[in-house]
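These are my notebook entries on one chain. I record what I looked up, entry by entry, with the criteria stated where a term is first used.

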Amino acid sequence: MVAEGQQSGVSFHSPERPLYFSELELLKTPGDSLTAMALLPGRNVDVGESWKLEQWAVQFFASLEAVEKGEITCTVKSLEGSLLKVQFEGEIAGAMYGSYTSLKLSGEYWYDIKQNYHSRSGMNT
């Protein structure tokens with residue numbers, strides 16, 4: 001299995017055979033851990049500070065083919081050692097597989113600022 005980041009989310013394919021639609025459908029989900037990098041700010045932030053994701057990042061994180069309107073806001077809640085705890089929430093309207101869809105999501109993630117990786121995350125939709 002090969003995963004490749006694109007604006008509409010993560011694109012999956014197999015080097016051995018084409019994947020069936022039913023297989024691809026199971027792999028594309030909002031908040032896929034491979035899209036978590038889109039939640040990171042483009043600058044240094046302090047505890048209590050918030051930022052809104054750019055439109056490409058909203059679409060990428062939501063794994064939608066198109067976004068009509070949408071917004072995700074992230075807020076730094078704490079810094080414990082090297083772990084930055086960030087909460088996010090948003091609402092998105094767009095399309096997937098040619099059908100209209102809307103999402104309301106919230107969650108949190110922990111990012112290790114010294115080793116530069118997401119250590120864990122959780123999301124509600």
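In which sense do strand S4 and strand S5 pair, and over how many bridges? I found S4 (residues 66–80) and S5 (residues 83–96) paired in the antiparallel sense over 13 bridges. Helices (H or I, at least four residues) and strands (E, at least two) are DSSP runs, numbered from the N terminus; two strands pair if DSSP finds at least two bridges between them.

**Entry: provenance.** I note that this is a predicted model, in which local features need pLDDT of at least 70 and side-chain atom pairs count only at pLDDT 80 or more, while totals for chains, interfaces and linings use all residues. Residues are numbered from 1 along each chain as its sequence is written, and side-chain values use heavy atoms, with hydrogens and water left out.

**Entry: the chain as a whole.** I counted two helices and seven strands in the chain. Their order along the sequence is β-β-α-β-α-β-β-β-β. The radius of gyration is 15 Å, close to the 14 Å from the globule rule for 125 residues, so the chain is as compact as a globular protein of that length. This radius is taken over C-alpha atoms, and the rule is 2.2 Å times the number of residues to the power 0.38. The C-alpha trace spans about 45 × 30 × 25 Å along its principal axes.

I then looked up burial and found that 34% of the 125 residues count as buried. Buried means under 20% relative accessible area, exposed over 50%, and partly exposed in between (1.4 Å probe, protein chains only). The chain exposes about 7,700 Å², of which carbon and sulfur atoms supply 48%. For contacts between residues at least 6 apart in sequence, I read that 43% join residues at least 24 apart; contact means heavy atoms within 4.5 Å.

**Entry: the S4–S5 hairpin.** Within this pairing, I looked up Glu71 and found its bridge partner in S5 to be Glu91. S4 and S5 form a hairpin with two residues between them, and Gly81 in the turn has a positive phi of about 65 degrees. Ser82 also lies in the loop between S4 and S5.

Is Ser82 buried or exposed? Ser82 counts as buried because its relative accessibility is 19%. Setting aside residues up to four places away in sequence, I found Ser82 touching Tyr111, Asp112, Ile113 and Lys114.

I also examined Val67, which is placed in strand S4. Its C-alpha atom is separated by 5.9 Å from that of Ala93, 26 residues apart along the chain. Leaving out neighbours within four places in sequence, Val67 is in contact with Gln55, Gln59, Ile92, Ala93 and Gly94.

**Entry: S5 to S6.** S5 and strand S6 (residues 99–112) run antiparallel and are joined by 14 bridges. Opposite Leu83 I found Asp112 in S6. The hairpin of S5 and S6 has two residues between the strands, and Tyr97 lies in that loop.

What is the phi of Tyr97? I read a value near 55 degrees, positive in a residue other than glycine. As background, most residues other than glycine have a negative phi. Tyr97 counts as partly exposed because its relative accessibility is 33%.

**Entry: S6 to S7.** I found seven bridges between S6 and strand S7 (residues 117–124), which run antiparallel. Tyr109 stands opposite Ser121 in S7. The hairpin of S6 and S7 has four residues between the strands, and Asn116 in its turn has a positive phi of about 55 degrees.

Entry: How many of the eight residues of H2 are buried? In H2 (residues 55–62) I counted six of eight as buried, which leaves the helix mostly covered. The buried residues are Ala57, Val58, Gln59, Phe60, Phe61 and Ala62.

Although Ser63 is not a glycine, I read a positive phi of about 55 degrees for it. Ser63 has a relative accessible area of 5%, so it is buried.

Technical notes: Areas by Shrake-Rupley, 256 points an atom, 1.4 Å probe, with all protein chains shown as cover.
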